Amino acid sequence: MLSKELVAASTVPLVLSVLSKGESYGYELIQNVRELSGGKIEWTEGMLYPVLHWMERENLIESEWRSAEDSGRRRRYYRIRKEGRKALQSEQQQWIAVHTTLMKLWKTKPHSI
Amino acid sequence: MENETSFDLNCAIQRWRGELAKSASFRADDLEELESHLRDSESSLRAQGLTAEEAFLIAVRRTGSGDALAAEFATINGSSVWLDRLLWMTTGSITVSALWSLTTTLLFVRTTVFAWLAPGILAVALIVGLQSNVARKFLRAPLRLAIAFLLASLFSVLLRTSLMDQRMFGPSADFPYMQRLLLFNWTFFLQFVASGMIALFMFRQSRRS
């Protein structure tokens, strides 16, 4: 399980990354991320929806109410915007910088963890 | 089997939604989205072999308690919660002034209905309209808040003066007088300054976060 701070920091890049592959809705986003993380990242509705709405307000993503083609259920679909793709790029650089630094450190001193 | 027939999912969802709707933290759109989520969650649980009632109970449980949900949504809908309170305060003050004027003057119908019912409805409609998705697209939260605040102050000045003064509206309205009142009324001026400062503060806060 991720710490609260890491969840807060990683939700936006994760949402942007999933949406960069195609539109999605809240329930599917939660399922998707749970599967991809092997159950390590469990988002709650109470956490995710306010973040999605904030991201929409910041113009990173946009949403649209539509009925699903298969079940006819009305859902709010989220799509990434140009600003969102830009933000994702900068997020990517930052996360890769942290990741590679940690990996280098841990490779040289594997027993100290 | 009996349980499945006696349990009405739509009814249960309506009741659950009604409970959440008691909190001002949710906008109608949020509730719609949470319901759609609950239905997805419920049907996937039912596909695993649970009855409708079991699936519903577990889906609700997973969504978390209403209070916890409300607290999380309040962080994003903060300004709308605040506006909601403002609306209630405005409604309250209108009611009190109306009752007061009803008891003190027989000119109630003429001064009240003509004077502030129309601008009042307009102001409330504008404040509510500022919360709509259309307004959200074009105006940022602090700006919407500032406009709502200005509307509310303008409305309260109109309300107070028109209740006491027939020169404001109606057949004998004196427009230059009205302009003077709006421009040089110190309460309006104070509210104007206060709303400007609050809007500025909100704007800086939102920049920081």
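Leaving aside neighbours within four places in sequence, which residues is Ser41(B) in contact with? Ser41(B) is in contact with Tyr27(A) and Ala59(B), where contact means heavy atoms within 4.5 Å. The place of Ser41(B) is in helix H3 of chain B, helices (H or I, at least four residues) and strands (E, at least two) being DSSP runs numbered from the N terminus. Ser41(B) counts as buried because its relative accessibility is 7%; buried means under 20% relative accessible area, exposed over 50%, and partly exposed in between, with a 1.4 Å probe and protein chains only.

This is a predicted model, in which local features need pLDDT of at least 70 and side-chain atom pairs count only at pLDDT 80 or more, while totals for chains, interfaces and linings use all residues. Residues are numbered from 1 along each chain as its sequence is written, chains are lettered from A and ligands numbered from 1 in the order in which they are written, and side-chain values use heavy atoms, with hydrogens and water left out.

**Chain A**

Chain A has 4 helices and 2 strands, and along the sequence these follow the pattern α-α-α-β-β-α. Of the 113 residues in chain A, 35% are buried. Among the contacts in chain A with a separation of 6 or more, 51% come from residues 24 or more positions apart. The accessible surface of chain A is about 7,200 Å², and 55% of that surface belongs to carbon and sulfur atoms; accessible areas come from the Shrake-Rupley method with a 1.4 Å probe, and for residues only the protein chains shown count as cover.

On this surface, Val98(A), Leu102(A), Met103(A), Leu105(A) and Trp106(A) make a nonpolar patch of about 430 Å². Patches are made of residues with over 30% relative accessible area and no salt bridge, like charges being joined within 9 Å and nonpolar side chains (Val, Leu, Ile, Met, Phe, Trp, Tyr) within 5 Å. Leu102(A), one of the patch residues, lies in helix H4 (residues 82-108) of chain A and counts as partly exposed, at 32% relative accessibility.

**Salt bridges**

Side chains of opposite charge can pair when their charged atoms come close. The structure holds 17 salt bridges over all chains, a salt bridge being a side-chain nitrogen of Lys or Arg within 4 Å of a carboxyl oxygen of Asp or Glu. The table lists some of them.

| Asp40(B) | Arg73(A) | 3.0 Å |

In the salt bridge of Asp40(B) with Arg73(A), Asp40(B) lies in helix H3 (residues 28-47) of chain B and Arg73(A) in the loop between strand E1 (61-67) and strand E2 (74-80) of chain A, so the pair joins two chains. Asp40(B) is buried, at 4% relative accessibility, whereas Arg73(A) is partly exposed, with a relative accessible area of 23%.

Glu35(B) is buried at 11% relative accessibility, and Arg17(B) is buried with a relative accessible area of 18%.

In chain A, salt bridges that share partners join Glu23(A), Glu62(A), Glu64(A), Arg66(A) and Arg79(A) into one network. Arg66(A) also has its charged end over the ring of Tyr77(A), 4.4 Å from the ring centre; a charge sits over a ring if NZ of Lys or CZ of Arg is within 6 Å of the ring centre and within 35 degrees of the ring normal.

**Aromatic pairs**

Rings of Phe, Tyr and Trp (its six-membered ring) pair if their centres lie within 6.5 Å, and planes under 30 degrees apart count as stacked, over 60 as edge-to-face and the rest as tilted. By this rule there are 3 aromatic pairs over all chains. Among them is the tilted pair of Phe7(B) and Phe56(B), with 5.8 Å centre to centre and 45° between the planes. Phe7(B) lies in the loop between helix H1 (2-6) and H2 of chain B and Phe56(B) in helix H4 (residues 52-63) of chain B, so the pair ties together parts that are 49 residues apart in sequence. Phe7(B) counts as buried at 16% relative accessibility, and Phe56(B) counts as buried at 8%.

The rings of Phe26(B) and Phe73(B) are tilted because their planes lie at 55°, with the centres 5.1 Å apart. This pair links distant parts of the chain, with Phe26(B) in the loop between H2 and H3 of chain B and Phe73(B) in helix H5 (residues 66-76) of chain B, 47 residues apart. Phe26(B) and Phe73(B) are both buried.
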